[in-house]
Amino acid sequence: MTIRLAAPLQMDSVVDGFGVRTVIWTQGCSHNCPFCQNPQTHNFEGGCDFSVDEIKEEIKNLKNQDGITLSGGDPLYQIEPIVEISKYAKSLGLNVWCYTGFLYEDILKMGEKNPKYLELLQYLDVLVDGLFVNELKDLNLLFRGSSNQRLIDVPKTLRFKKVMLIPESDGIMEKFTEKKEVTFI
Ligand code: SF4
């Protein structure tokens with residue numbers, strides 16, 4: 001199995017979720033949000049194919065990373081390899097964040113036709129959902145570009161069967177940095 005990526009894995013990011021993270025930049029997105037920050041990732045023919053087995057090997061050898069972040073592009077256009085990679089990262093004890101232009105509710109609907117979308121949710125810690133809306137751009141937001149986008153606590157959302165957001169209270173970053181993990185409940 002292969003996955004089309006815009007770039008090799010990027011380690012040591014501190015802006016794509018809590019802690020120190022490795023970002024997987026997927027290639028391909030047809031949402032066409034005006035003023036998207038990564039237009040070079042839109043073309044589904046761009047980027048390069050990478051072996052999922054090799055990506056998993058790289059993930060296994062990561063040092064000093066709190067988790068992986070799936071970004072792009074939109075990772076959900078490549079659901080099979082994304083599920084495989086997420087499941088593997090989770091099995092190693094890494095937490096998994098995913099950015100997508102789709103809404104959580106869209107993913108549930110897509111899961112009615114392809115259960116892989118629902119399987120993905122089992123491996124996600126945080127889903128950052130929604131299109132980038134330039135009119136709602138706010139540089140003060142935590143880990144997202146526009147205020148319509150949501151930081152969704154996926155395990156809690158699945159448990160309560162309704163969208164549960166990560167609280168953006170003062171000190172949430174400090175809490176994570178001290179403990180290296182956060183319990184959102
Ligand atoms: S979903 Fe993300 S990558 Fe796709 S156009 Fe919107 S901002 Fe850009």
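Two strands pair if DSSP finds at least two bridges between them. Strands (E, at least two residues) and helices (H or I, at least four) are DSSP runs, numbered from the N terminus. The structure is a predicted model, in which local features need pLDDT of at least 70, side-chain atom pairs count only at pLDDT 80 or more, and totals for chains, interfaces and linings use all residues. Residues are numbered from 1 along each chain as its sequence is written.

Strand β7 spans residues 126–129. Three bridges join β7 to strand β6 (residues 95–99), and the two run parallel. Strand β8 (residues 150–153) is joined to β7 by four bridges, and this pair runs antiparallel. Valine 128 of β7 has bridge partners in both: tyrosine 99 and, in β8, leucine 151.

In a regular strand the side chains alternate between the two faces of the sheet. In β7, Val126 and Val128 point one way, while Leu127 and Asp129 point the other way.

Valine 83 lies in helix α2 (residues 79–91). Valine 83 counts as buried because it has 20 C-beta neighbours inside 10 Å. Beyond its neighbours within four places in sequence, valine 83 is in contact with Lys116, Glu119 and Leu120; contact requires C-beta atoms, placed from the backbone, within 7 Å. Tyrosine 117 is 34 residues from valine 83 along the chain, with 8.1 Å between their C-alpha atoms.

How values were computed
Buried ≥ 20, exposed ≤ 12 C-beta atoms within 10 Å, placed from the backbone. Contact = placed C-beta atoms within 7 Å.
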